[in-house]
Amino acid sequence: MKKLEVFGVTKLKGQIIISGSKNASLPILAATLLSNKKISLTNLPRVKDIETMLLLLKSLGSIIKDNKKVITIKNNKQANFFASYGLVKTMRAGILVLGPLLAKFGKAKVSLPGGCAIGTRPVDIHLKALSKLGVKYKIIQGYVYASAPQGLIGANIRFSKISVGATENLIIAASLAKGKTILSNCAIEPEIKDLVIFLNKMGCNVKWIKKRTVKIEGVTKINELNYEVMPDRIEAGTYLIAAALTEGNLRIKGIDSKIIKTEINVLKKIGAKIVQRKNEIIIQGSKKIKNINIRTAPYPGFPTDLQAQMMVLLCKASKKSYIREEIFENRFMHVAELNRMGAKISINGNKATIEGNIKFEAAELMATDLRASVSLILAALVSKGKSVINRIYHLDRGYENIEKKMKKIGAKIKRVN
Ligand code: UD1
């Protein structure tokens, strides 16, 4: 199994170009199922989750041409309606094909994604909302068997809890439903806004009418289109934190700082110097890192996908900090590994207490999920000596060319078998 070796201590310096957003690409790829016209997508990050979604689309009958820079997708009238456990188990976003299959064909059999390291991650909100659009479903042996005998019919739906995936599934499904759908208490992550822009360019009729309310008029005609996916704000946030942590100096290109205002404010508060320009952010980490308390929250709050990386940074703060994880119940898997490196983090329920002034020590480590994996790389960058990170397949699910990018800015990092 592949491992990463990281040699510290390093100060990161130079330029990073941000890849396309994984979390925007996944729902956009799922939404291509609505169409029989040619769709060309650019700026998809070439990471494992995207390859898995492309395999899933192929298994559903999509014809995909991939010249690495542009992916062209075309669906035939005849499709399969079956998303297998084999493809959905590694990537929870597989559930996003449920909405478009039901909207287009009125039936689907999609594997339940199951739990994962960061929590139970149910899909009850997706299913409850789809049933309001006229979907009947049964869960048998780990599969959702769903059908919409009368076709999907627009409805007013208020989500009981803010969910990124459920908001996406429902917006996509309602785009071909008969009549009008109003979804309220929606997630408003920039990736969802990107999905809506994509859908509207495809001929759908989706409008934000209040901050967390969206109106969808079902359409019958879908257009051909070329679409460039937005940049990855979590990748950008990870490199910004890496710069602050290593007292580095990075120019992060290809991202509009407006979509990561919260993260930038937090980094300014802890002492990093940040210059925001059109489509680039320049960051200079400071010697002294100030402590801060953070609570993860749906956008525009602080993202749970940057919680692990932020925790590493706060281990270096001059005083104690606290992080409350409000999105996932078990997203502290990195803590045990960080503590093995010398961190002093204690967990009480969803609250982590992080002692500052830590001198990390290199160690052999185990990655547990995507963002936890990258947090271990960050800690290894500021640990003297060689750290070895095992199970890096998690990392490959979501960070494009991470070793190449890290090496370019001065990290000593190597993939070994
Ligand atoms: C998406 C992101 C993920 C990010 C998360 C929160 C993608 C591909 N993934 O995941 O990187 O960490 O948003 O920002 O975009 N929940 C239920 N029932 C449901 C659905 C969700 O109880 O039917 C719960 C979840 O267990 C979790 C919370 O709601 O506690 C938020 O989950 P959700 O926003 O749905 O996350 P994902 O869409 O899976």
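The shell around the ligand in this predicted model divides into 7 nonpolar, 5 polar and 6 charged residues. In total, 18 residues surround the ligand. The closest are Asp 124, Ser 163, Val 164, Asp 305 and Ile 327. Domain 1 (3-18 + 231-416) and domain 2 (22-228) each contribute at least three residues to the shell.

Three helices supply at least two shell residues each: H1 (22-31), H5 (124-132) and H6 (164-174). Helix H5 provides the largest share, with 3 residues.

In the side chain of Arg 92, an N or O atom lies 2.8 Å from a ligand oxygen. Ile 125 places a backbone N or O atom 2.8 Å from an oxygen atom of the ligand. For Val 164, the separation between a polar backbone atom and a ligand oxygen is 2.7 Å. On its own, the ligand has 750 Å² of accessible area, and the protein covers 88% of this. Val 164 is also listed among the closest residues of the shell.

Two peptide bonds are cis. One joins Gly 8 and Val 9, with omega at about 10°. Val 9 sits in the loop between strand S1 (3-8) and strand S2 (13-17). The other cis bond runs from Tyr 299 to Pro 300, where omega is near 10°. Pro 300 belongs to the loop that links strand S18 (293-295) and helix H10 (307-314).

Positive phi values occur at two asparagines. Asn 43 is not a glycine, yet its phi is positive, at about 70°. This residue is found in the loop between strand S3 (39-42) and helix H2 (48-59). Its relative accessibility is 28%, so Asn 43 counts as partly exposed. For Asn 279, also a residue other than glycine, phi is positive and near 65°. The loop between strand S16 (273-277) and strand S17 (280-284) holds Asn 279. Asn 279 likewise counts as partly exposed, because its relative accessibility is 45%.

Methods
Residues are numbered from 1 along each chain as its sequence is written. This is a predicted model: local features need pLDDT of at least 70, side-chain atom pairs count only at pLDDT 80 or more; totals for chains, interfaces and linings use all residues. Side-chain values use heavy atoms; hydrogens and water are left out. A residue is near a molecule or strand if one of its heavy atoms lies within 4 Å of it. A polar contact is a pair of N or O atoms within 3.5 Å; within protein, one must be able to donate a hydrogen and the other to accept it, and residues adjacent in sequence count only if both atoms are side-chain atoms. Accessible areas come from the Shrake-Rupley method with a 1.4 Å probe; for residues, only the protein chains shown count as cover. Helices (H or I, at least four residues) and strands (E, at least two) are DSSP runs, numbered from the N terminus. Ala, Val, Leu, Ile, Met, Phe, Trp, Tyr, Cys and Pro count as nonpolar, Asp, Glu, Lys and Arg as charged, and the others, Gly among them, as polar. Domain bounds come from an automatic or database domain assignment. Buried means under 20% relative accessible area, exposed over 50%, partly exposed in between (1.4 Å probe, protein chains only).
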